[in-house]
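Hello,

Here is the structure I promised to hand over. Please open it first, then read my notes below.

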Amino acid sequence: MKNIVIGITDCEKYLNYDRWIRDQPGVEIVKLNYRDNNLTDIETCDGIILSGGNDINPRLYNQPDYLVYCNPKDIDENRDEFEWKVMQFADEKQLPVLGICRGLQFVNVFFGGTLVPDIAAFGKFNHEKFEEKVDREHRVEVDINSLLYKLTRQEKGNINSAHHQSVDMPGYGLVVNALSPDGIIEGMERKNRDGQSYLMLVQWHPERMEDKESAFSKNIRESFLDAVRNNI
């Protein structure tokens, strides 16, 4: 069986994603990064991971006034533009996609959805890291009709948390599959999976969960890689 090639979008903590995927058998990694101007490398990829990191410019979801809730230094319009093209290619070619944290938010915006630009400012509990730069942890409830439930077999679970933005209105063709106790959208997937490529979107960071055997980390990685292998 030939190796599968996974494209991972670059970010500050790229190596976490690289290590999480690279230690699996038969996997090659391509770092996708506008700084390297290597968009054409996506043509070699069998699946895509959209990583975490920067805030998304609110103009992409038609809310430019929300810019005041973002850190201007944390917005990278070049990254937004580059990853938009990555997602366009993945959607056109029906490549399996796993979106993590910003990746979930970005795919939601790509499909016409909107974001809450700052959770705490909009009246919800803080979901960011602690001041010590340690991830928070909280429970999630999983829709038993979802693909996420099918692959985790858990209605509830513990996940890590390190984000200040979240999904507001889900994008076209997407459905929520997990919620936090305070109602923040923690996961999304395709509403209609028939004939459509694998798309799993999670707000937490499975690539750096302390419990490496957690179904909310290990099973997500396995399901994504299985979807890639079955798609080639």
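Val 68 sits in the loop that runs between β3 (47-50) and α2 (77-93). This is a predicted model, so please read every value below as computed from it. Val 68 is exposed, because its relative accessible area of 69% is over 50%. Together with Tyr 69 and Phe 122, Val 68 makes a nonpolar surface patch of about 300 Å².

Now to the charged pairs. The structure holds twelve salt bridges. Here are some of them.

- Asp 18 and Arg 22: their side chains meet in a salt bridge, at 2.6 Å from N to O. Both residues lie in helix α1 (residues 14-22), four residues apart, which is about one turn of the helix. Asp 18 is buried, with a relative accessible area of 7%. Arg 22 is partly exposed, at 44%.
- Asp 23 and Arg 221: the closest N and O atoms of this salt bridge are 3.5 Å apart. The pair links distant parts of the chain, 198 residues apart. Asp 23 is in the loop between α1 and β2 (27-32), and Arg 221 is in helix α5 (residues 218-231). Asp 23 counts as exposed, at 52% relative accessibility. Arg 221 counts as buried, at 12%.
- Asp 226 and Arg 229: this salt bridge has its closest N and O atoms 3.5 Å apart. The two residues are three apart in helix α5, so about one helical turn separates them. Asp 226 is partly exposed at 40% relative accessibility, and Arg 229 is partly exposed at 25%.

There is also a network of salt bridges. It links Arg 79, Asp 80, Glu 83 and Arg 102.

Next, strand β6 (136-142). Which strands does β6 pair with? Six bridges join β6 to β7 (residues 156-161), and the two run antiparallel. Two bridges join β6 to β9 (residues 174-179), also antiparallel.

Ser 146 is in the loop between β6 and α4 (147-152). Is Ser 146 buried or exposed? Ser 146 is buried, because its relative accessible area of 7% is under 20%. A polar atom of its side chain lies 2.6 Å from the backbone oxygen of Asp 143. Leaving aside residues up to four places away in sequence, Ser 146 touches Asn 177, Glu 189 and Arg 193.

Best wishes

Technical notes
Residues are numbered from 1 along each chain as its sequence is written. This is a predicted model: local features need pLDDT of at least 70, side-chain atom pairs count only at pLDDT 80 or more; totals for chains, interfaces and linings use all residues. Side-chain values use heavy atoms; hydrogens and water are left out. Buried means under 20% relative accessible area, exposed over 50%, partly exposed in between (1.4 Å probe, protein chains only). A polar contact is a pair of N or O atoms within 3.5 Å; within protein, one must be able to donate a hydrogen and the other to accept it, and residues adjacent in sequence count only if both atoms are side-chain atoms. Contact means heavy atoms within 4.5 Å. Two strands pair if DSSP finds at least two bridges between them. Patches are made of residues with over 30% relative accessible area and no salt bridge: like charges are joined within 9 Å, nonpolar side chains (Val, Leu, Ile, Met, Phe, Trp, Tyr) within 5 Å. Accessible areas come from the Shrake-Rupley method with a 1.4 Å probe; for residues, only the protein chains shown count as cover. A salt bridge is a side-chain nitrogen of Lys or Arg within 4 Å of a carboxyl oxygen of Asp or Glu.
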